[in-house]
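Student: I've got a model open on my screen and would like to talk it through. Can we go one piece at a time?

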Amino acid sequence: MPPIYDPSNPSGPAERRRSFRLLFICLVVTGIGNSMLFAILPPLARELDVAEFFIGAIYTISALLFLIMSPIWGALSDRYGRRPLIIFGLSSFALSTLVFALATVAGQLGWAPPLIAIIGMAGARALFGGFGSATNPAAQAYVADRTSTEERTEALAGLTAAFGLGGIVGPALAAAFVERIGIAPFMVAVSFLVGGAAVAVRFMLPEKTPPRQQSRPINPVKQLAFAFDARVAPFFLFGCGLWLVQAISLQAIGFYVMDKMDLTPQEGLQLAGVALTAGAGALIFAQLVVIPAMKASPRALMTTGAILAGLASLEMVIAANYASIVFGYMLGSFGFGLARSGFTGGASIAVTPEEQGRAAGSTTATAGLGFLIAPVAGLWLYQAIGPEVPYMLNAVLAVLSALLAWLHPQIRSVTVIAQPRHEPRGPI
């Protein structure tokens with residue numbers, strides 16, 4: 001990622017680079033906490049003898065709140081600053097992980113019926129969706145405040161790559177330690193890790209610039225409506241499509257590996273963890289290596305990423321063995337890495353500096369919409385019709401998204417590409 005750039009006032013670049021590194025590490029930790037669930041939940045569902053659809057329901061309430069609240073947190077960061085919202089989001093995520101661990105113990109030890117345990121897990125994820133969702137839009141806006149338009153797509157790619165790096169580590173850690181120490185102790189450890197990140201941001205992440213909009217009223221309807229502003233709407237719609245593809249793939253991959261390979265829950269945890277880690281690695285490669293090398297416009301990244309995601313979905317449909325599944329998942333993750341950086345960067349470039357928090361909230365909310373629909377569009381179809389059907393749907397969604405990216409005039413008009421790095425200036 002290029003160094004953080006603010007053309008307003010001269011200042012030393014070293015402090016700014018340290019600030020980004022800290023923010024990067026904190027988002028890696030958040031990625032670990034989120035991605036581990038995709039490895040843990042499918043085997044846990046089989047252990048508790050609950051249907052796939054109920055596991056999808058754990059994500060649904062969280063996703064709805066994430067969708068509603070992300071734009072609000074983004075707008076609040078315009079009013080109160082980025083750092084307080086990052087701290088609040090990380091702290092809420094740490095608490096939600098502790099609650100999830102307690103619900104898991106209750107289900108595994110028979111303290112509560114499986115359905116009650118699932119409800120407890122859904123409540124924990126709702127806590128994350130409602131309050132933990134403050135972290136991402138505030139972090140994106142923090143970086144957008146400090147980058148020129150020429151650098152922004154690459155800069156935000158570096159930021160979102162942090163979450164992807166956590167996606168590598170989370171499943172790998174789950175596969176390595178859950179069988180040894182159990183799900184709940186592992187989740188408690190992750191909770192303390194996230195809490196430590198919140199403390200680090202509080203004392204080590206500087207924010208000397210004043211909030212952009214201190215008087216803007218926080219109206220949930222108006223904040224959600226901003227996603228349909230003509231400048232932002234095509235990026236928002238594209239993001240919804242690609243996040244739905246990614247959410248379906250993430251939620252189905254653990255079950256898909258177990259069913260295709262006829263594995264036990266513990267075997268499924270190990271092999272699904274490998275697939276998730278490989279996919280996250282491909283996403284990281286796209287965002288940290290390919291995007292800086294391509295110097296491509298948001299439109300090119302969005303179109304290329306969507307096409308690759310469609311091809312990956314077709315590969316998953318015809319996959320005949322584990323290697324084919326892993327390859328398909330890696331290709332899809334690589335494509336998503338390109339596309340996500342394209343639509344987040346494009347939406348940020350399209351709006352004014354005073355609207356960066358709102359734009360970041362809108363693009364972050366696309367993840368919530370994807371995970372809100374995925375249990376019905378993905379896991380219900382998986383259970384009701386067959387394992388390949390969700391990936392057929394993904395292929396169609398990816399093609400439609402690619403057409404939107406290539407043909408929409410607003411996306412075509414955002415033509416800024418990453419330029420040679422500027423020496424950063426301006427206050428943190």
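**Walking through the model**

Student: Let's start with Asn136: buried or exposed?
Tutor: The scale is relative accessible area: buried means under 20%, exposed over 50%, and partly exposed in between (1.4 Å probe, protein chains only). Asn136 has a value of 15%, so Asn136 is buried.

Student: Before we go on, what kind of model is this?
Tutor: Residues are numbered from 1 along each chain as its sequence is written, and side-chain values use heavy atoms, with hydrogens and water left out. Local features need pLDDT of at least 70, side-chain atom pairs count only at pLDDT 80 or more, and totals for chains, interfaces and linings use all residues, because this model is predicted.

Student: Back to Asn136: which residues does it touch, leaving out those up to four places away in sequence?
Tutor: Asn136 lies in helix 5, where helices (H or I, at least four residues) and strands (E, at least two) are DSSP runs numbered from the N terminus. Contact means heavy atoms within 4.5 Å. On that basis, the residues touched by Asn136 are Leu27, Arg340 and Thr364.

Student: And how far apart in space are Asn136 and Thr363?
Tutor: Along the sequence, 227 residues separate Asn136 and Thr363. In space, C-alpha to C-alpha, the distance between Asn136 and Thr363 is 9.8 Å.

Student: Zooming out, what share of the chain's contacts between residues at least 6 apart in sequence join residues at least 24 apart?
Tutor: The protein chain has 15 helices and 0 strands. Of its 428 residues, 62% count as buried. For contacts between residues at least 6 apart in sequence, the share joining residues at least 24 apart is 88%.

Student: How are helix 11 and helix 14 arranged relative to each other?
Tutor: Axes are lines fitted to C-alpha atoms, for helices over the stretch in contact, and angles run from 0 to 180 degrees between N-to-C directions. Helix 11 (residues 298-318) and helix 14 (residues 389-407) have axes 8 Å apart and an angle of about 165 degrees. Angles under 35 degrees count as roughly parallel, over 145 as roughly antiparallel, 65 to 115 as roughly perpendicular and the rest as oblique. Helix 11 and helix 14 are therefore roughly antiparallel.

Student: How many residues in the contact of helix 11 with helix 14 are nonpolar?
Tutor: Ala, Val, Leu, Ile, Met, Phe, Trp, Tyr, Cys and Pro count as nonpolar, Asp, Glu, Lys and Arg as charged, and the others, Gly among them, as polar. The contact includes Met302, Ala306 and Leu314 of helix 11 and Tyr391, Ala398 and Trp406 of helix 14. Besides 5 polar residues and 1 charged one, the nonpolar count is 14.

Student: Is Leu314 buried, partly exposed or exposed?
Tutor: Leu314 is found in helix 11. Its relative accessible area is 46%, so Leu314 is partly exposed.

Student: How are helix 3 and helix 5 oriented relative to each other?
Tutor: The axes of helix 3 (residues 82-108) and helix 5 (residues 135-144) come within 8 Å and cross at roughly 150 degrees. Among the residues making the contact are Leu85 and Gly89 of helix 3 and Ala138 and Tyr142 of helix 5. Helix 3 and helix 5 are therefore roughly antiparallel.

Student: Where does Asp49 lie?
Tutor: Asp49 has a positive phi of about 60 degrees although it is not a glycine. Asp49 is also exposed, with a relative accessible area of 69%. Its place is the loop between helix 1 and helix 2 (52-80).
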